[in-house]
Amino acid sequence: SEIRFFKSHRKKGIQLMEARKIKLLEFIGNGKKTFNIPVYQRNYDWKEKQCQKLFEDIENIIKFDYKIEHFLGTVVFVSSKSEMNFNEYILIDGQQRITSIMLLLKVLHEKIANEDYKEEIWEEYLINKRVPEENLRIRLKPVESDGMPYKKLIEKNDVSSDGNLCKNYKLFEKLIEESNYSAEEIYKSLDKIELVYIQLEKGKKSENPQMIFESLNSTGLSLTQGDLIRNYLLMNHEYEKQKELYKNFWLKIEKNITNEKISDFVRDYLTMKNGSISNKDKVYDDFKKYIKQNNENMDEEGILEELKTYSEYYSWFLNGDSPNEKINQKLEEFRYLRNTTVYPLILSVFEDTYSYKNITENELLDILDLLISYIFRRSVCGYTTNSLNKIFASIVISLK
């Protein structure tokens with residue numbers, strides 16, 4: 001299966017500079033290291049089905065008297081040396097599998113009676129022992145929303161969170177308790193699990209993490225257009241810068257309009273900027289083209305700041321919660337008319353009102369009244385709505 005992986009990526013023109021097979025436990029252990037899940041990755045979301053399958057594969061190794069091996073898959077990471085010469089692995093692909101293995105190792109640490117095994121699991125795989133910096137102690141650093149539950153689980157055996165981390169920890173507990181094999185046998189079987197890792201060097205042009213991520217997505221990762229846009233804006237920065245941009249901008253965008261609406265929002269944003277309407281499955285591609293065409297005027301941070309501003313206006317369209325109650329009433333009428341094709345146009349008008357101060361709020365109200373009247377009269381006359389998006393997009397361009 002790894003051969004198919006390499007062939008498919010060579011066809012896409014991606015140079016994989018270091019790809020090697022390695023034993024799972026050697027990859028996780030073997031020296032001072034941290035596995036950082038970047039902020040652009042999704043939360044840990046493996047369900048019971050995936051965990052059950054992993055456990056069955058592990059039991060199968062014991063069943064055949066440790067004479068077979070199990071291939072876990074491919075892990076892709078960007079490597080660098082962090083503080084105090086730690087190896088920092090930023091996982092681009094493989095976080096779900098690595099996190100699940102860490103949960104299983106934690107359960108085994110609690111269930112195994114052999115003290116030597118317990119100490120080995122704890123000090124070789126779950127933590128980095130004797131480190132002065134607290135943030136380097138735990139080997140795995142999940143995304144922010146999973147970070148504290150994982151820390152409590154590892155350090156205090158606290159499984160009170162209702163997220164997937166604790167659910168799957170409890171599932172692995174149950175599976176071990178009900179297994180025909182002992183915790184020690186299950187632990188020994190992990191030595192027969194192998195993976196292929198692809199190591200990318202930070203800053204190397206031939207090893208573009210974004211290209212690798214896009215290729216992985218095309219071969220099976222299920223990501224939305226919004227996910228891809230977020231990753232594109234954050235991925236090529238240092239880990240700490242990623243966290244800063246995510247916290248200061250992307251998290252606020254998600255709070256304004258929710259992750260479900262981001263693709264629609266960016267589609268309307270692009271229509272406002274370009275006057276052309278993207279297909280729903282091409283929003284990410286068109287967004288990249290727009291960024292590349294305007295990269296001299298604005299960097300990723302500038303784009304994120306602008307998106308944050310427009311996401312606030314967009315939230316007013318969706319929720320009717322602008323500071324002006326009269327404007328909220330007009331936005332409610334658009335929602336009553338069930339017309340969203342007008343959003344790029346009124347986004348442009350709101351830009352002129354609140355960003356550039358070219359229009360007063362009273363003038364904005366007059367414009368909204370005019371648009372509502374136009375949409376309503378077309379509806380009464382029985383005109384179809386399928387041409388409205390192009391009409392409104394053309395008005396956006398004529399206003400610039």
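**Close-up views of a predicted model**

**View 1. The largest nonpolar core and the residues that touch most of its members.** In this predicted model, the largest nonpolar core holds 62 residues, of which Leu233, Phe287, Phe334, Ile346 and Phe350 touch the most other members. Helix α14, spanning residues 300-319, supplies the largest share of this core, with eight residues.

**View 2. The surroundings of Leu233.** When residues up to four places away in sequence are not counted, Leu233 touches Leu245, Trp250, Phe287, Glu300, Ile303, Leu304 and Leu307.

**View 3. The packing of helix α4 on helix α7.** Helix α4 (residues 95-111) packs with helix α7 (residues 164-178) at an angle of about 50°, their axes lying 9 Å apart. Because of that angle, α4 is oblique to α7, and the crossing of the two helices is right-handed. From α4, the residues Thr99, Ser100, Leu103, Leu104, Lys106, Val107, Leu108, Glu110 and Lys111 take part, meeting Leu165, Asn168, Tyr169, Phe172, Glu173, Ile176 and Glu177 of α7. By residue class, this contact of α4 with α7 is made up of eight nonpolar, three polar and five charged residues.

**View 4. Tyr356 in the loop between α16 and α17.** Tyr356 is found in the loop that lies between α16 (343-355) and α17 (361-380). Its relative accessibility is 45%, and therefore Tyr356 counts as partly exposed. With residues up to four places away in sequence left out of the count, Tyr356 touches Tyr310 and Glu351.

How values were computed
Residues are numbered from 1 along each chain as its sequence is written. This is a predicted model: local features need pLDDT of at least 70, side-chain atom pairs count only at pLDDT 80 or more; totals for chains, interfaces and linings use all residues. Side-chain values use heavy atoms; hydrogens and water are left out. Axes are lines fitted to C-alpha atoms, for helices over the stretch in contact, and angles run from 0 to 180 degrees between N-to-C directions. Helices (H or I, at least four residues) and strands (E, at least two) are DSSP runs, numbered from the N terminus. Angles under 35 degrees count as roughly parallel, over 145 as roughly antiparallel, 65 to 115 as roughly perpendicular and the rest as oblique. A crossing is left-handed if the near helix is turned anticlockwise from the far one by less than a right angle, and right-handed if clockwise. Contact means heavy atoms within 4.5 Å. Ala, Val, Leu, Ile, Met, Phe, Trp, Tyr, Cys and Pro count as nonpolar, Asp, Glu, Lys and Arg as charged, and the others, Gly among them, as polar. A nonpolar core is a set of buried Ala, Val, Leu, Ile, Met, Phe, Trp, Tyr and Cys residues joined through side-chain atoms within 4.5 Å. Buried means under 20% relative accessible area, exposed over 50%, partly exposed in between (1.4 Å probe, protein chains only).
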